[in-house]
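Please keep the sequence and the three-dimensional view at hand while reading.

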Amino acid sequence: MRRTTLIIAGLSAVALAVPASASSLLDYIGQCVPFARAASGIQLFGDAWTWWSQAEGRYRRGERPQPGAVLVFARTGRLPLGHVAVISRVVDSRVAMVTHANWSRMNGERGHAEQDVTLTDVSASNDWSQVKVWFRDNSGLGGSVFPTYGFIYGTRTTPGARVQTAAELTGRSPDYVGALIDSYAH
């Protein structure tokens with residue numbers, strides 16, 4: 001497959017290798033880290049689970065989802081490199097939507113980008129330290145609980161410095177009702 005570089009508008013310093021026929025961020029196929037970097041504008045590198053410590057002193061961090069923030073998943077047996085996903089919408093205090101890559105199998109392969117995927121906080125303290133994520137593979141909210149470190153926000157610790165998120169971070173008509181049903185029916 002021929003590859004080319006796609007520069008996301010507003011993020012000229014960020015490039016992704018995407019198929020030559022790709023016309024959008026959502027055509028991306030690959031790992032979660034370069035996708036999250038392009039979608040969020042947050043310039044961190046290395047394995048996903050290392051983003052949390054790398055962000056210290058460089059970006060604000062916290063426990064509440066905000067559009068454009070990156071949720072950093074801890075490394076586990078199922079996620080040996082961790083995972084990063086970008087918050088696209090906040091639905092309620094325990095339900096959000098993410099746009100990310102390399103989560104569900106699509107057409108038998110991993111790596112595809114998914115937009116506005118249901119994410120549910122299942123932590124006892126409502127601090128988003130444990131979440132469940134929608135899996136396209138089984139057309140439902142995954143049964144596994146994944147530990148997370150928290151959210152990295154697109155605001156640098158330098159006053160006034162802010163990053164720009166990709167325009168395609170969220171769709172025009174996300175299914176809020178579906179996200180709530182997914183979360184509370186499981």
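Which residue forms a salt bridge with D121? The partner is R94, and the closest N and O atoms of the two are 3.6 Å apart.

## Basis of the report

This is a predicted model, in which local features need pLDDT of at least 70 and side-chain atom pairs count only at pLDDT 80 or more, while totals for chains, interfaces and linings use all residues. Residues are numbered from 1 along each chain as its sequence is written, and side-chain values use heavy atoms, with hydrogens and water left out.

## Overall organisation

The protein chain contains 3 helices and 10 strands. Helices (H or I, at least four residues) and strands (E, at least two) are DSSP runs, numbered from the N terminus. From that terminus on, the order of the elements is β-β-α-α-β-β-β-β-β-β-β-β-α.

Of the 186 residues of the protein chain, 51% count as buried. Buried means under 20% relative accessible area, exposed means over 50%, and partly exposed lies in between (1.4 Å probe, protein chains only). Among contacts with a separation of 6 or more, 52% are between residues 24 or more positions apart; a contact means heavy atoms within 4.5 Å.

## The salt bridge

A salt bridge is a side-chain nitrogen of Lys or Arg within 4 Å of a carboxyl oxygen of Asp or Glu. By this rule the count comes to 1 salt bridge. The pair links distant parts of the chain, with D121 in strand β7 (residues 113–121) and R94 in the loop between β5 (83–92) and β6 (95–101), 27 residues apart.

The two partners can also be described by their accessibility. D121 is buried, with a relative accessible area of 3%, whereas R94 is partly exposed at 22%. Side chains of opposite charge can pair when their charged atoms come close.

Helix α1 (residues 32–40) is largely enclosed by the rest of the structure, because 8 of its 9 residues are buried. The buried residues are C32, V33, F35, A36, R37, A38, A39 and S40. Just after α1, G41 takes a positive phi of about 85°.

In strand β4 (residues 70–73), V70 and V72 point one way, L71 and F73 point the other way, and all are buried. In a regular strand the side chains alternate between the two faces of the sheet. Strands β4 and β5 run antiparallel and are joined by 4 bridges; two strands pair if DSSP finds at least two bridges between them. The bridge partner of F73 in β5 is H83.

## Nonpolar cores

A nonpolar core is a set of buried Ala, Val, Leu, Ile, Met, Phe, Trp, Tyr and Cys residues joined through side-chain atoms within 4.5 Å. The largest one has 22 residues, of which W51, V70, V84 and I152 touch the most other members. The elements that give two or more residues to this core are α1, α2 (51–55), β4 and β5. Its largest share, 6 residues, comes from α1.

Not counting residues up to four places away in sequence, V70 touches S40, I42, W51, V84, A85, V86, G150, F151 and I152. In soluble globular proteins, nonpolar side chains tend to be buried together.

## Aromatic rings and charges

Rings of Phe, Tyr and Trp (its six-membered ring) pair if their centres lie within 6.5 Å; planes under 30 degrees apart count as stacked, over 60 as edge-to-face and the rest as tilted. The whole structure holds 5 aromatic pairs. The rings of F73 and F146 have their centres 6.3 Å apart and their planes at 65°, so this pair is edge-to-face. F73 in β4 and F146 in strand β10 (residues 146–156) are 73 residues apart. F73 is buried at 1% relative accessible area, and F146 is buried at 4%.

W103 and F146 are also edge-to-face, because their ring centres are 5.1 Å apart and their planes lie at 70°. W103 lies in the loop between β6 and β7 and F146 in β10, so this pair ties together parts that are 43 residues apart in sequence. Ring pairs link F73, W103 and F146 into a cluster.

A charge sits over a ring if NZ of Lys or CZ of Arg is within 6 Å of the ring centre and within 35 degrees of the ring normal. The charged end of R61 sits over the ring of W52, 4.3 Å from its centre, and that of R75 sits over the ring of W49, 3.9 Å from its centre.
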